[in-house]
Amino acid sequence: MDVLLEGGAVLRDRDYTLILDKSQSMSTSDQANGKSRWDIMQESTLALAAQCEQFDPDGITVYLFADDFKRYDSTTVNKVAQIFQENQPGGKTKLAPVLKDATDKYFERRATERAKPNGETIIVVTAGEVNNPRAVKQIIIEAANQLERDEELAISLIQVGANQEATEFFKVLDNELQGAGAKFDICNTITLEHIGDMSLTDVLLNAIVD
């Protein structure tokens, strides 16, 4: 699903939400330079926040999730470091509750006419096997079925790391949602095999226009 573009620029008048895995799997290092996934995530979040500030001065919404989740509203570049200092990886990958909160918040804003005219993009970055994948799939289907047009809400899931169960689940989300009853295909997934030589920063920046 492609978000509309205006004159080649990133779509304005749109909200951006970033949901970041802070489970134990994020402490792993995949890099020759010894940086953990968590360190790389901080650098990439900083770049994404800087990019989004250019067209959304309110800042982005950031969630961190593992066994539970925390929500940080109006996150600008100067808040990113503080968020990562306050949190360290640990726990399991419980995506369903945080994704439900993010989609519910969008529809609450829409119902009270506080949503941006061009909708919202939700980007999820996760490494490990997702707990309760059936619930995650159902949340996305239910969100899709509340939309009036498919570009109104985009959900991009980005896998860092090589967990095979996560990869297979992402493929299901990418290819089978409409067959399972979703009104629109609002979900785009990116796995390790698709990332190739791209940095996580590049992948995140691409996700806001994909």
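Reader: Which residue stands opposite L18 in β2?
Author: This is a predicted model in which local features need pLDDT of at least 70, side-chain atom pairs count only at pLDDT 80 or more, and totals for chains, interfaces and linings use all residues. Residues are numbered from 1 along each chain as its sequence is written, and side-chain values use heavy atoms, with hydrogens and water left out. Helices (H or I, at least four residues) and strands (E, at least two) are DSSP runs, numbered from the N terminus. Five bridges join β1 to β2 in parallel, and the residue opposite L18 is V62.

Reader: Which residue of β3 stands opposite V62?
Author: Two strands count as paired if DSSP finds at least two bridges between them. β2 and β3 (residues 69-75) are antiparallel and share five bridges, forming a hairpin with three residues between the strands. The β3 residue opposite V62 is Y72.

Reader: Is D68 buried or exposed?
Author: D68 sits in the loop between β2 and β3. Its C-alpha atom is separated by 15 Å from that of V124, 56 residues away along the chain. Buried means under 20% relative accessible area, exposed over 50% and partly exposed in between, with a 1.4 Å probe and protein chains only. At 53%, D68 is exposed.

Reader: How many residues of β2 are buried?
Author: On one side of β2, I60, V62 and L64 are buried, and on the other T61, Y63 and F65 are buried, which leaves both faces covered. The strand is largely enclosed by the rest of the structure, because the buried count is six of the six.

Reader: In what order do the six strands of the open sheet stand?
Author: The pairing in this sheet is mixed. β3 and β6 (187-190) each have a single partner strand and stand at the edges, so one side of each lacks a neighbour in the sheet. The order is β3-β2-β1-β4-β5-β6.

Reader: What angle does the direction of helix α2 make with that of β3?
Author: Axes are lines fitted to C-alpha atoms, for helices over the stretch in contact, and angles run from 0 to 180 degrees between N-to-C directions. Contact means heavy atoms within 4.5 Å. α1 lies across β1, β2 and β4 and runs at about 175° to β1. Helix α2 (residues 77-85) packs on the sheet and touches β1, β2 and β3, with a direction relative to β3 of about 160°.

Reader: How many residues of β4 are buried?
Author: One face of β4 carries E120, I122, V124 and T126, the other T121, I123 and V125, and these are all buried. β4 is largely enclosed by the rest of the structure, because the buried count is seven of the seven.

Reader: Which residues does S44 contact, leaving aside neighbours within four places in sequence?
Author: S44 belongs to helix α1 (residues 37-53) and is buried, with a relative accessible area of 2%. Beyond those neighbours, S44 is in contact with L200, T201 and L204.

Reader: What is the hand of the crossing of α1 and α7?
Author: The axes of α1 and α7 (residues 200-207) come within 9 Å and cross at roughly 35°. Among the residues that meet there are I40, M41 and L48 of α1 and L204 and L205 of α7. A crossing is left-handed if the near helix is turned anticlockwise from the far one by less than a right angle, and right-handed if clockwise. The crossing of α1 and α7 is right-handed.
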